[in-house]
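Welcome! Let us walk through this structure together, one part at a time.

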Amino acid sequence: MTSVPIGQVQAQPEASAHSGGYDVELFVDTPDYDLICTICQGVLRCPVRAACHHIFCKKCILQWLKRQETCPCCRKPVNPSLIFVMFKLSKSIGRMKIKCKNEIRGCTETFPLSEQYCHTMSCLYELIPCPYQGCRAQLLRRDLDIHARHCEHWRQPCHMGCGAILSHRTQAQHNCYKQLRQEYEARQKNHRAIAIALQKKMRRMQSTMAHMKRQIGLICESLEVMDEVEEVDEDDLRETTGSFSGTPNSSNRSC
C-alpha cells in the first residue's frame, strides 16, 4: 500500500469535516492512500464496498447516489442494495493512532481512533461550559476546579445534610442549626395557617349542615301537616258520601 500524496490530502483540507471521513491530519502517521475516501478525501469512516470493488465512506457514497447512480471512480452503475460494510477494514482503521483534537490547546496524548470518545470525555484540555446554571463561561476541563472556587453562580447543598443550597457568599455564614430552626418555624407557621383555614372551613360546613337539618325538619313538619289535612279531607269525604247515599234509601223505605 502506498502513502497518500501530501498535496492531494491538502487540496481539500476541510472536506472530511463536512462529510463522512475522518480528518487526515488527526492521524499520527500519514494514512495509506487505500484508506482515503475518493469522495471526501478523508480517512474512511464506516467503509463500504460497491459491486465494482471501490471503497467509500458509507455516508459519502449514499449522499453521492442521491445525485448520481454511478461509481465516482469508474462510472459504473451502483446498486445501493449491493453495498457492503467492511467490518475488518473498519477495525483496522480503529486501531490507528490519532492525536487529540485539543492538541492546539496543549494536549499531547495519542491513542487508537476507537478510543477517541473515551479520551474526549476525560481530556483535561477539552473546552466545556461551566456546569453551574447561569454561568456562560467556557473553560478547559483542567481549570474547572479553579473556576468553581470563584464562580458567582456556584451552588452546592450543605455537606452536613441540612438541605440548604449554598453559594460562596452564604457558605461562610451558614449555620445548620439556625437554618433547620428557621425551616422548622416556617413549617410550623405554615401548618398553623393550614389548621386555621381547615377549622374555618369545618365551621362553615357545620353551619351549612345545621341549616340543612333545620330545612329538612321544616319540610318533614310540612309533610306531616299535609298528611293530617289529607286524612281529615278523606274522613269528611266519607261522611259526605255516606250522607248522600243514605238519603235515597230512607225515601224508598217511606214509599
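**The annotated stretch, the sheet and a cavity**

Over residues 37-75 the chain is 26% helix and 15% strand, and the C-alpha atoms at its ends lie 16 Å apart. Helices (H or I, at least four residues) and strands (E, at least two) are DSSP runs, numbered from the N terminus. UniProt lists these residues, 37-75, as "domain: RING-type" in an unreviewed entry; such annotations may be inferred rather than shown by experiment. This is a predicted model, where local features need pLDDT of at least 70 and side-chain atom pairs count only at pLDDT 80 or more, while totals for chains, interfaces and linings use all residues. Residues are numbered from 1 along each chain as its sequence is written, and side-chain values use heavy atoms, with hydrogens and water left out.

Now for the sheet. Three strands make an open antiparallel sheet in the order S2-S1-S3, where strands pair if DSSP finds at least two bridges between them. S2 (55-57) and S3 (84-85) are at the edges with a single partner strand each, so one side of each has no neighbour in the sheet. S1 (residues 47-49) pairs with S2 over three bridges, and Val48 has Phe56 in S2 as its bridge partner.

Helix H4 (116-122) and strand S4 (97-99) each supply at least two lining residues, and H4 gives the most, with three.
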